[in-house]
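Trainee: I have a model open and would like to go through it with you. Could we begin with the strands?

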Amino acid sequence: MQTVAAHASAAASSPVAASWRRCLTLHGLSPEEARTPWRLTESEFRQARARSSVLIEEARGEIDRLFATVGKAGCCLLLTDEHGIALERRGAASDDRDFRGVGLWSGTVWSEASVGTNGIGTALADERPVLILRDQHFLSQNTGLSCTTAPIRDHTGRIAAAIDISTCRDDAGEMTMSILSQAVRDAAARIEAGLFRRAFSAARILLVPVEGRAAPALLAVDRDDLVLGATRAARQVLGLDDRRIATGVAASDLLHEDRAEDGRDLDDAERAALRRVLTRAGGNVSQAADLLGISRATLYRKMKKLSIN
């Protein structure tokens, strides 16, 4: 039997050490106790999936693509909600017995309170990607697992889900898991971006130029250049929060775009509007004037004033 002291040596680095402390002091768990993940009833599971229906729809294609890459290597994929409830699972039939035995199955709960330190629970608790190798797991019975997990945020920047790759293979070393970790983070970023675009489907989406960030830094902007929403990465970079967004802030101000005085701003906006209408009219001035509800002569005067050829 492994002792708590032996486990503690394996958990010597953060965030594993912090997770172990939570397991011992906050959740009152013991490494040697035999426990499987909490499992939802069929009714509870249906309700959990219904609450996360948009997430599941957005993530399903990404999970399928990721599993097509790693499934033959003896890996299991889980998509969970913010509570660690496994909503979607992908795994090869030949590996089902092993994964079901440790509870890597739909309807189980992989929070730290349920099964101690693990990829999903610790990523959700720390709100960042984690890699948990073998004896870094809190429970002795899970030390045959290696897992890598990335959290997924919703359109407001709050934790909404997690995506996990786990394996029971003995030959899954740290280098292999590190490669899988990058794949998980990339998948999480794409799902997060998809959720954001879905939430602001009628808005213009701007990519905030940021170096060295895997998470998408996106802004949703209305027709007047006012920010409607921002991903977590964009909020951090631009100093945004819900209150500032609700108050109203121009994307051009946030992005420090070079703008002229207010009069020029109005000219630029009018020029852009006229050019759009002319384009829709195929360059036909008379048709464009009709679309704008002004005379042909008035449109010509505006075009001359704004240097539109």
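Trainee: In which sense do S9 and S10 pair, and over how many bridges?

Mentor: Strand S9 (residues 218-221) and S10 pair in the antiparallel sense, over three bridges. Strands are DSSP runs of E with at least two residues, helices are runs of H or I with at least four, and both are numbered from the N terminus; two strands pair if DSSP finds at least two bridges between them. This is a predicted model, where local features need pLDDT of at least 70, side-chain atom pairs count only at pLDDT 80 or more, and totals for chains, interfaces and linings use all residues. Residues are numbered from 1 along each chain as its sequence is written, and side-chain values use heavy atoms, with hydrogens and water left out.

Trainee: What stands opposite leucine 219?

Mentor: Alanine 230 in S10 does.

Trainee: What is the strand order in the sheet?

Mentor: The sheet is open, with three strands in the order S8-S9-S10 and antiparallel pairing. Strands S8 (204-207) and S10 (227-230) each have a single partner strand, so one side of each lacks a neighbour in the sheet.

Trainee: Changing topic, how many disulfides are there?

Mentor: The count is zero, a disulfide being a pair of cysteine sulfur atoms within 2.5 Å. For cysteine 76, the nearest cysteine sulfur is that of cysteine 168, 8.3 Å away.

Trainee: Is cysteine 76 buried or exposed?

Mentor: Cysteine 76 is buried, at 0% relative accessible area. Buried means under 20%, exposed over 50%, and partly exposed in between (1.4 Å probe, protein chains only). Cysteine 147 also counts as buried, at 3%.
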